Amino acid sequence: MGKSVVEKLLWMAIVCLVLGVISITPKAQAAVTCNQVVSNLTPCISYVLNGGKTVPGPCCNGIKTLFNLAHSTPDRQTVCKCIKNAVSAFHYGKSNVDRAAALPKQCGVNIPYQISPSTDCTRVQ
């Protein structure tokens, strides 16, 4: 696959995964950065692209770390907006979206709603 496909799928994965962090109870002002999101979700790229029997440990560690970083509504909205802006011009397949959306559950992170790239970041609590 070309570099642009990998980049597209990386951003798609980040969008889907970051939407998973939006269910945490608000506690503070925004402190999560886009760099943190990317660095925590980069280990998930290969799995989202190619699948596999199990999610790699470093990917689950990144998901859990990101989930724990987003303590407040502003954190979750910032993460959501950052990711959505980054992927707005990319196209990706349903299988990649489904694989990325399933990552939180596979990594033991309980998300009580459907993860979707169409989430309205301004409504994220």
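The paragraphs below treat the cysteine pairs in turn.

The model is predicted: local features need pLDDT of at least 70, side-chain atom pairs count only at pLDDT 80 or more, and totals for chains, interfaces and linings use all residues. Residues are numbered from 1 along each chain as its sequence is written, and side-chain values use heavy atoms, with hydrogens and water left out.

A search of the whole structure finds two disulfides, a disulfide being a pair of cysteine sulfur atoms within 2.5 Å. One of them joins Cys44 and Cys59, whose sulfur atoms lie 2.0 Å apart. This link is right-handed, with 100 degrees about the S-S bond. Helices (H or I, at least four residues) are DSSP runs, numbered from the N terminus. Both Cys44 and Cys59 are buried, a term that stands for under 20% relative accessible area (1.4 Å probe, protein chains only).

Cys60 and Cys107 form a disulfide as well, with 2.0 Å between their sulfur atoms. This pair links distant parts of the chain, 47 residues apart: Cys60 is in helix α4, and Cys107 is in the segment after α6 (94-106). The disulfide of Cys60 and Cys107 is left-handed, because the torsion about its S-S bond is about -75 degrees. Cys60 has a relative accessible area of 12% and is therefore buried. Cys107, at 5% relative accessibility, also counts as buried.

Methods:
Buried < 20%, exposed > 50% of the residue type's maximum accessible area, 1.4 Å probe, protein only. Helix = DSSP H or I, 4+ residues; strand = E, 2+ residues; numbered from the N terminus.
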